[in-house]
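I opened the model to see what could be looked up in it. My notes are below, one topic at a time.

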Amino acid sequence: MTGRYQSPALDAVEIRDSFWVPRLKTNDLVSLDHQYDHLQANGSLDNFRRVVGEAGGEFEGPPFIDANVYKWVEAASYALATDEMPTLREKVNTVCSLIEQAQADDGYLFTYFMLGDNAGRWSNFTMMHELYCAGHLIEAAVAHSRALDDDRLLRVARDLADHIDERFGPDTQEKIPGHEEIELALVRLYRVTDEERYLDLAGYFIDRRGRDPSPLAAELPELERMIERDSLSTEQKESGWSVVGYQDTLRDESGAYDGLWAQDHKPVREQRRVEGHAVRAGNLYAAVAAYLQEVDDEELFTAIKRLWQNMVTRRMYVTGGIGSSPDAEMFTEDYDLPNDDAFAETCASASAIFWSQHMFELTGAAEYVDVLERILYNALLSGVSLDGRRYCYSNPLETDEDYHRNEWYYVACCPSNLSRVLASLGKYIYARSENELLVNLYVGSTVETTVSGTGVTVEQTTDYPWDGDVTVALSPDEPTEFALGLRIPGWAERWEVTVDGEPVAVEPTDGYATLEREWHDGDRVEISLAMEPNAVVAHPEVESDRSLAALCRGPLVYCLEGVDNAQPVQHLILSDPDSISARDTDSILDGMTVLEGAATVQDLQEWQGTLYRSLGSITESATEFTAIPYFARNNRGPTSMVVWMRLA
């Protein structure tokens, strides 16, 4: 099954949205600048300067630190596609020049080995992330080329891809990346170059994974020798980035290699559950979905749908976060979704968004956009502070007063990963096929595209996610017949559609209210989604959430913070779900809709001096609660937070 839908180019979409514009400006003007400063300070850019002889000293950071530079270039390129920012453009040009100069004559580029032991090149795929970094360079180059019409970084990426293609594959060295990323990058490189060998190499890396003998398993003895030689730097040891951890994650309890952590336990075609490191899994499965947009393979398509269903019905948090284990940043068991030590890495949210988008493009089904939207507004957006300067690596659903965001990390994969999603928001809003235009995300914006061979301008006006009313104004160059599809979110229990003020009865198909007719300049479609507060409960097998409820409204998941509530939020009991109401406020954070309602709480004074009491002796007093959107958590200093409330 090959791809059905395409997204308009970024420069064809202008976002004019009261919710998103401030956040995108913060991303463009604050976060990207802040990230660049950290890339300067932590050695990321100096590693390239050392390679070209412009700086002295030894390599700094974890071996895969090059990827942070590439992701920053990708994010900055997206930002420059829609907004002329001379200072940012100058920084991008400087970094691109460094990357160009650092590349070896044979196309190789990985500063860790270029500054150290050249004999180590391509010798440790399990741990060293050479292919992972290559993938991020390729994605940055594709973004830079498309956004800025500049192919110099694309030439670097092609030389590196050619270097890899000459060395690895079924007729050369049979290797696979320890950390998936290059598979998706190769598909995207194929799309801008039409070079079939890049697509073939992506297919090879996808299909070779999980088959015996495993190239990663063959490397374990050398990993153990590294441990014996104590070859890690002091910084690596102190950071917790450890060869010991890497080799242990690839073994089962008996000590035998199982490959589960690296999705190398079975061929993708045979996998039934999302397993292992959540970011790696998301990257791999996003690549599979993208690959299937180019290649018909029903068996692989069946497998990727099966894996998707396992993730969203058994292994995903209500916020859209994935990866429940903080120890190995991985999936664990079905329905194992602890709240206080949930990992839900920001990078994993980004990879799940990529997977969601490619599944949608492949099928045209709104269920994938529903999940994308949930992740975007909750798990992903939670990863950056409102001021754009502090980040969350993990995104738990319950915290105490000691939890805080960080300005940076030794392994700083998440900040630029988040920024590249936000900077490319325009490509997720609309989609089109030959005779159909879909509105996927409700974001105030204008798009110029072509449907049924005719140029069409669409202007969308809305206060989403605070309000469910959306107006879509169409301006085709000439009267044209095509289908306009409006996504009906899975959370919307009631909705209405009008065309030029007249109600229209339409049954959703694949999650869309589709209006097929001849459209004229000035036609207006309005959709009203009933946006009411809702208390949701988890599947009975989710032990962590039994007798608890989470508060939602529209696409947003809410949480309770201690700073807004007089009583400890962990002790508040939702006494009357029907009492929950929404209130717009300018006094909380940067202005947002909060939820309020009735609760009860036990008098902790009655418990002083005792650990257990009879049920009949418990008294509760009435109180009220205030909940804010989860994405806005932890922006007002130390405070406790819960997503799930106790039920009466």
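**Before starting**

This is a predicted model, in which local features need pLDDT of at least 70 and side-chain atom pairs count only at pLDDT 80 or more, while totals for chains, interfaces and linings use all residues. Residues are numbered from 1 along each chain as its sequence is written, and side-chain values use heavy atoms, with hydrogens and water left out.

**Entry 1: salt bridges**

How many salt bridges does a search of the whole structure find? I noted 38. A salt bridge here is a side-chain nitrogen of Lys or Arg within 4 Å of a carboxyl oxygen of Asp or Glu. Side chains of opposite charge can pair when their charged atoms come close.

I looked up Arg16 and found it in a salt bridge with Glu459, with 3.4 Å between the closest N and O atoms. The two partners are 443 residues apart and link distant parts of the chain: Arg16 lies in the loop between strand E1 (13-15) and helix H1 (20-41), and Glu459 in strand E6 (residues 454-462). Helices (H or I, at least four residues) and strands (E, at least two) are DSSP runs, numbered from the N terminus. Arg16 is partly exposed because its relative accessible area is 46%. Glu459, at 37%, is partly exposed. I wrote down the cut-offs: buried means under 20% relative accessible area, exposed means over 50%, and partly exposed is in between (1.4 Å probe, protein chains only). The areas come from the Shrake-Rupley method with a 1.4 Å probe, and for residues only the protein chains shown count as cover.

Next I checked Arg208, which forms a salt bridge with Glu174 at 2.6 Å between the closest N and O atoms. This pair also links distant parts of the chain, 34 residues apart, with Arg208 in helix H9 (residues 196-208) and Glu174 in the loop between helix H7 (152-167) and helix H8 (182-193). Is Arg208 buried or exposed? Its relative accessible area is 10%, so Arg208 is buried. Glu174 has 37% and is partly exposed.

Glu294 is partly exposed at 29% relative accessibility, and Arg191 is partly exposed at 26%. I also noted a network in which salt bridges that share partners join Arg158, Asp162, Asp165, Glu195 and Arg197.

**Entry 2: a residue in H9**

Tyr198 is in helix H9. With a relative accessible area of 0%, Tyr198 is buried. I looked up the separation of the C-alpha atoms of Tyr198 and Arg158 and got 9.4 Å, for residues 40 apart along the chain.

**Entry 3: a negative patch**

Which residues gather in a patch of negative charge on the surface? I listed Asp327, Glu333, Asp336, Asp340, Asp341 and Glu543. Patches are made of residues with over 30% relative accessible area and no salt bridge, with like charges joined within 9 Å. Asp327 sits in the loop between helix H14 (298-314) and helix H15 (346-363). Asp327 is exposed, because its relative accessibility is 76%.

**Entry 4: a polar contact**

Thr600 is in strand E18 (residues 592-602). Thr600 is buried at 14% relative accessible area. Its side chain makes a polar contact of 3.2 Å with the side chain of Glu620. The term stands for a pair of N or O atoms within 3.5 Å; within protein, one must be able to donate a hydrogen and the other to accept it, and residues adjacent in sequence count only if both atoms are side-chain atoms.

**Entry 5: backbone details**

I found a cis peptide bond from Asp212 to Pro213, with omega near -10°. Pro213 is in the loop between H9 and helix H10 (220-229). The peptide bond from Tyr464 to Pro465 is cis, with omega near 5°, and Pro465 is in the loop between E6 and strand E7 (469-476).

Ala344 is not a glycine, yet its phi is positive, near 45°. Ala344 lies in the loop between H14 and H15 and is buried at 1% relative accessibility. Ser452, also not a glycine, has a positive phi of about 50°. Ser452 is in the loop between strand E5 (445-451) and E6, and at 24% relative accessibility it is partly exposed.

Note on methods:
Patches are made of residues with over 30% relative accessible area and no salt bridge: like charges are joined within 9 Å, nonpolar side chains (Val, Leu, Ile, Met, Phe, Trp, Tyr) within 5 Å. Lys and Arg count as positive and Asp and Glu as negative; His and the chain ends are not counted. The place of a charge is taken as NZ of Lys, CZ of Arg, CG of Asp or CD of Glu.
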